[in-house]
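Hi,

Here is the structure I promised to send over. Have a look at it first, and my notes on the pockets and the sheet follow below.

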Amino acid sequence: MEPLPLKDKIAVITGSASGIGQGIALRFAQEGSHVACWDLNLQGAEATASRVKEFGREAMACSVDVTQSSQIEAAAKQVFDRWGQIDILVNSAGIIKANFITEIPEEVWDAIITVNLKGTFLCIREIAKYMIERKQGKIISISSKSGKKGGLWLGAYCASKFGIIGLTQSAAMDLAPFKINVNAICPGNVFSTPMWDLLDKEYSKKLGVPPQEVRKIYREKVPLGRECTVEDVANVAVFLASSYSDYMTGQAINVTGGQEVH
Ligand SMILES: NC(=O)c1ccc[n+]([C@@H]2O[C@H](COP(=O)([O-])OP(=O)(O)OC[C@H]3O[C@@H](n4cnc5c(N)ncnc54)[C@H](O)[C@@H]3O)[C@@H](O)[C@H]2O)c1
């Protein structure tokens with residue numbers, strides 16, 4: 001790869017207050033990109049933006065609820081007004097809750113589908129307008145290995161993550177004439193993220209084991225023998241955001257240590 005494959009690119013990253021979104025924001029900064037950090041958690045987004053600046057890049061933090069189109073429109077305009085272009089969108093905002101299928105409360109179903117799937121759609125819909133104008137752009141959405149295969153107690157989450165892959169394929173077709181690449185990443189289990197503090201407790205109930213044994217069980221399912229890291233996901237995100245992936249669109253790439261191969 002070139003020394004700085006994302007030099008002077010402008011990236012919008014949702015869910016960048018923590019976890020995978022934050023990791024991608026910092027890695028993009030290392031690779032030369034300026035970053036707009038969007039999240040419900042403004043304080044967290046501001047902290048990520050400060051760390052982006054430590055790499056000598058420019059950054060902005062915005063309080064954005066990805067389920068609210070008016071907030072997305074306003075924040076996208078703010079990014080465009082500041083930098084005059086938007087080159088990359090990463091959709092990483094997401095939530096999870098594990099329930100047996102007959103016990104998924106309707107409001108939990110609605111929340112998961114609305115944040116994970118509708119939120120991804122709304123951000124693509126708005127940011128793509130700026131990319132179409134310039135006939136270039138890279139859109140990357142974080143799906144999951146749960147977007148490729150159903151899982152125990154994960155009806156709502158899997159439905160949202162499968163949906164992201166369908167949305168990715170369709171948006172890729174619509175946006176191909178404008179040289180905009182639309183792809184998804186399907187990570188395995190990233191234990192270092194705040195999401196897993198919740199999952200330890202929920203999966204311990206579903207598996208009937210103490211919370212401290214959950215990660216061992218999940219690690220043993222991975223052919224490469226370890227959990228996924230934020231860096232593993234960021235490596236693929238840099239590739240998909242760079243010109244090295246110019247001939248790839250509509251893909252959903254597994255980063256699962258061999259756990260998912262389709
Ligand atoms: N952690 C894993 O094991 C794992 C595996 C596969 C996929 N994923 C996916 O990766 C993405 C990032 O998850 P993570 O593990 O970094 O979790 P995380 O909880 O650290 O990050 C999610 C971020 O999204 C933000 N967010 C939630 N609802 C929002 C909304 N309505 N509007 C704007 N921001 C909102 C949260 O404030 C948080 O900062 C999610 O889409 C998740 O489903 C995670």
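The largest pocket has a volume of about 1100 Å³. It is lined by 48 residues, and I96, Y157, K161, M195 and L199 are the closest to its centre. A pocket here is an open set of points on a 1 Å grid over the protein atoms alone, where a 1.4 Å probe fits and protein lies on both sides within 12 Å along at least five of seven lines; lining residues have an atom within 4 Å of a point. Volume is the space filled by probe spheres set on the points, with grid points joined across faces, edges and corners.

Before you read on: this is a predicted model, where local features need pLDDT of at least 70 and side-chain atom pairs count only at pLDDT 80 or more, while totals for chains, interfaces and linings use all residues. Numbering starts from 1 along each chain as its sequence is written, and side-chain values use heavy atoms, with hydrogens and water left out.

Domain 1 (10-188 + 230-255) and domain 2 (189-227) both contribute lining residues, so the largest pocket lies between them; the bounds come from an automatic or database domain assignment. Helix α6 (195-207) gives the most to the lining, with seven residues. α1, β2 and α5 (155-175) each supply at least two as well. Helices (H or I, at least four residues) and strands (E, at least two) are DSSP runs, numbered from the N terminus. By class, the lining has 23 nonpolar, 17 polar and eight charged residues. Ala, Val, Leu, Ile, Met, Phe, Trp, Tyr, Cys and Pro count as nonpolar, Asp, Glu, Lys and Arg as charged, and the others, Gly among them, as polar.

The second largest pocket comes in at about 330 Å³. Its lining has 19 residues, with G137, K138, K179, N181 and D246 nearest the centre. β5 and β6 are the elements that give two or more residues to this lining, which divides into seven nonpolar, six polar and six charged.

Now the sheet: seven strands, open, in the order β3-β2-β1-β4-β5-β6-β7, with parallel pairing (two strands pair if DSSP finds at least two bridges between them). β3 (59-63) and β7 (252-255) are at the edges with a single partner each, so one side of each has no neighbour in the sheet. Five bridges join β1 (residues 10-14) to β2 (residues 34-39), and I10 has H34 as its bridge partner in β2.

Cheers
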